[in-house]
Amino acid sequence: MLTAIGSMACVVALGWVIQRTGLLSGRSLPRGVARGGSGDADGGAGARRTLATLSFTICAPALMFSTLASTDLAHVLSRGAAVTWATTAGLGLVTAAVARWLLRLPSGPAAVTTLAAVYVNGGNIGIPLAVYLFDDALAVVPTLLFQLLVLAPLALSVLDRSVAADGRATTTSAWRSMGHVFLAAFRNPITLGTVAGLLVAVLGELTGVRLPDVVLMPFDLIGAAAPPLGLLAFGMTLAVPLPPAGGVDGDEGVDGGQGARTGKGKGRTLVRSVIAVSVLVRNVLHPLAAWGLGLALGLDGPALAIVVTMAALPTAVNVTTYATRYGVFDGVAARATVWTTALCVPVLVAVGALLA
């Protein structure tokens, strides 16, 4: 496992070097060589987005489809999956309680805080980890399914009610907004690839007929590019400077629209507290909870390593997308994603060292 982590670290480091040197933005090309239109001007952000988009929209869905279409569903419904679902649900409830009653956040910001703490990046980071560490993309499936079927619907319903109650939208427009976000979740390419693969697997179980290898070979070929592309994009993201600690644009509503009665200093302290809670849950408590419950249920070896590693993934970018759509805590969600992504690296190395 440590060898696999070392290999992944090399690919991530290459992504970091690519971003820092501007290799894909055109800055490092010899004089006289044509440069891309806006690559040099955006500091490599365009190249980073292209790699991430290619992995997320084409390669990763193909990988999930080919993996699930040819698998036995018993591997998806396992004790490891139970550990993933139980720890995610438990920590989600605890985080929601802390956000709502200890930090005294309104329901909308509390929902975003909860998502930032338990909704993980199973696509761009989880899939490469599953493939390189465990040689099995199925390792990330329980996480993806729980987020799609449980976390997203619950959080979006809370955000919908929050927006409607706050008077920023009518009930009709709020429901329409929720519908757009929820449909966007189901239009997520990785979600579509996963669901399509599951449907093919279910039909195979019912009929006894599996897709022939010749049909799956193109998906295997394209899907093989997903892990390295995801790791390169991850390394490039790590090379982007962290945001400043003070002030969070777009989060003036941290007190639920009562800014007139709350000083800026208190608001910034609250924002830092929320980010700290998200980082604590995401990078520390969730891996520990998965480890403890996994041991209690008799998991060991690779099975235990899988659930702990998936629990150590950083916050998903989708959380920022949802928060931005509703105009609730979007700055906090973005910063929680950045911090948990940066801090997940030493956590994953520690997990590999302890469970190797």
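Is Cys 344 buried or exposed? In this predicted model, Cys 344 has a relative accessibility of 0% and therefore counts as buried. Cys 10, by contrast, reaches 53% relative accessibility and is classed as exposed, since the exposed class begins over 50%. The count of disulfides in the model comes to 0.

Aromatic contacts were examined next. A pair of aromatic rings is described by the distance of the centres and the angle of the planes. The count of such pairs comes to 1. The pair is formed by Phe 65 and Phe 219, whose ring centres lie 4.8 Å apart and whose planes meet at 50 degrees, so the arrangement is tilted. Phe 65 is buried, at a relative accessible area of 13%, whereas Phe 219, at 31%, is partly exposed.

The second largest pocket has a volume of about 410 Å³. Its lining comprises 20 residues, and those nearest the centre of the pocket are Gly 92, Ala 96, Thr 114, Leu 154 and Val 158. Helix H3 (79–102), helix H4 (107–118) and helix H6 (141–165) are the elements that each give two or more residues to this lining. H3 provides the largest share, with 8 residues. In composition, the lining of the second largest pocket divides into 15 nonpolar, 4 polar and 1 charged residues.

Key:
Residues numbered from 1 in each chain as written. Predicted model: local features only at pLDDT ≥ 70, side-chain atom pairs only at ≥ 80, totals over all residues. Heavy atoms only, no water. Disulfide = S-S within 2.5 Å. Buried < 20%, exposed > 50% of the residue type's maximum accessible area, 1.4 Å probe, protein only. 1 Å grid on protein atoms, 1.4 Å probe; cavity = no way out; pocket = protein on both sides within 12 Å on 5 of 7 lines; lining within 4 Å. Points joined across faces, edges and corners; volume = space filled by probe spheres on them. Helix = DSSP H or I, 4+ residues; strand = E, 2+ residues; numbered from the N terminus. Nonpolar A, V, L, I, M, F, W, Y, C, P; charged D, E, K, R; others polar. Phe/Tyr/Trp six-rings, centres within 6.5 Å; stacked < 30°, edge-to-face > 60°.
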